[in-house]
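Trainee: Could we go through this structure together, beginning with the overall layout and ending with the side chains?

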Amino acid sequence: MTVDVDSDHFSSAADNNLIQASMPYFGVIKQIWEVDYSEFRVPVFNCKWVNGNTDVRQDELGFTLVDLNKVAYMNESFIMAEQARQEFCVQDPCNSRYSVVLQGRPSHLNDAQHGSTLDICETPSFSTRMPSINESPDVDDVHTACNDHDEGLWENIVT
């Protein structure tokens with residue numbers, strides 16, 4: 001799961017111009033709590049966070065890799081559920097220390113609008129630098145015909 005945090009930064013100690021930046025924080029949900037205020041309830045996630053400065057990187061194809069074995073930001077483990085963006089991690093086949101972050105269903109889509117299926121065109125790419133299948137210069141000019149068996153619908157008409 002990921003939460004994007006907006007904050008103001010200075011580029012140096014001598015600079016007086018604020019720069020607003022957004023940084024994603026990657027983590028794993030440990031527990032889901034529901035805080036009951038009698039009048040309403042608020043779901044919150046207790047998370048295990050990855051250090052965004054040392055344990056998050058991108059590979060040469062643009063995939064985001066995280067080291068889920070390193071824990072950071074232990075004093076700030078809770079977020080409200082509505083702040084989270086669903087993602088899932090798959091172990092990197094090239095380096096078992098890292099996991100590849102893959103996006104789940106985009107948050108602006110819901111089942112009421114789109115039914116239970118998701119159009120693949122609405123799903124963001126897993127990688128920022130993955131070559132497009134349309135960019136391939138190779139032309140597939142191989143055509144084959146299979147004539148070692150008969151296909152079709154046979155009807156036996158009795159008159």
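Mentor: We will take the secondary structure, the sheets, the core and the aromatic rings in turn.

Mentor: This is a predicted model in which local features need pLDDT of at least 70 and side-chain atom pairs count only at pLDDT 80 or more, while totals for chains, interfaces and linings use all residues. Residues are numbered from 1 along each chain as its sequence is written, and side-chain values use heavy atoms, with hydrogens and water left out.

Trainee: How many helices and strands are there in the protein chain?

Mentor: The protein chain has one helix and eight strands, where helices (H or I, at least four residues) and strands (E, at least two) are DSSP runs numbered from the N terminus. The order from the N terminus is β-β-β-β-β-β-β-β-α.

Trainee: Which strands form the open sheet?

Mentor: Four strands do, in the order E4-E5-E8-E7, with antiparallel pairing; two strands pair if DSSP finds at least two bridges between them. Strand E4 (56-58) and strand E7 (87-91) are the edge strands, each pairing on one side only.

Trainee: How are E7 and E8 paired?

Mentor: E7 and strand E8 (residues 99-103) are antiparallel and share five bridges. Within E8, Leu102 is the bridge partner of Phe88.

Trainee: And what does E2 pair with?

Mentor: E2 pairs with strand E1 (residues 2-9) in the antiparallel sense over eight bridges, and Asp6 stands opposite Ser22 in E2. E2 also pairs with E3, again in the antiparallel sense, over nine bridges. Val35 has Val42 in E3 as its bridge partner.

Trainee: What lies between E2 and E3?

Mentor: The two strands form a hairpin with four residues between them, and Ser38 in the turn has a positive phi of about 70°.

Trainee: Changing topic, which residues make up the largest nonpolar core?

Mentor: That core has seven residues: Met1, Val3, Phe45, Cys47, Trp49, Ile79 and Ala81. A nonpolar core is a set of buried Ala, Val, Leu, Ile, Met, Phe, Trp, Tyr and Cys residues joined through side-chain atoms within 4.5 Å. Strand E3 (residues 41-49) gives the most to this core, with three residues.

Trainee: What is Val3 in contact with, leaving aside neighbours within four places in sequence?

Mentor: Val3 is in contact (heavy atoms within 4.5 Å) with Met23, Pro24, Tyr25, Trp49, Ile79 and Gln83.

Trainee: How much of the protein chain is buried?

Mentor: Buried residues account for 23% of the 159 residues; buried means under 20% relative accessible area, exposed over 50%, and partly exposed in between, with a 1.4 Å probe and protein chains only.

Trainee: How many aromatic pairs are there?

Mentor: The count is three aromatic pairs. Rings of Phe, Tyr and Trp (its six-membered ring) pair if their centres lie within 6.5 Å; planes under 30 degrees apart count as stacked, over 60 as edge-to-face and the rest as tilted. One of the pairs is Tyr25 with Tyr73, edge-to-face at 5.3 Å centre to centre and 75° between the planes.

Trainee: Why does that pair tie together separate parts?

Mentor: Tyr25 lies in strand E2 (residues 19-36) and Tyr73 in the loop between strand E5 (64-66) and strand E6 (78-80), so the pair joins parts 48 residues apart in sequence. Tyr25 is partly exposed at 21% relative accessibility, and Tyr73 is partly exposed at 28%.

Trainee: What about Trp33 and Phe78?

Mentor: Their pair is tilted, 4.7 Å centre to centre with 55° between the planes. The pair links Trp33 in strand E2 to Phe78 in strand E6, 45 residues apart.
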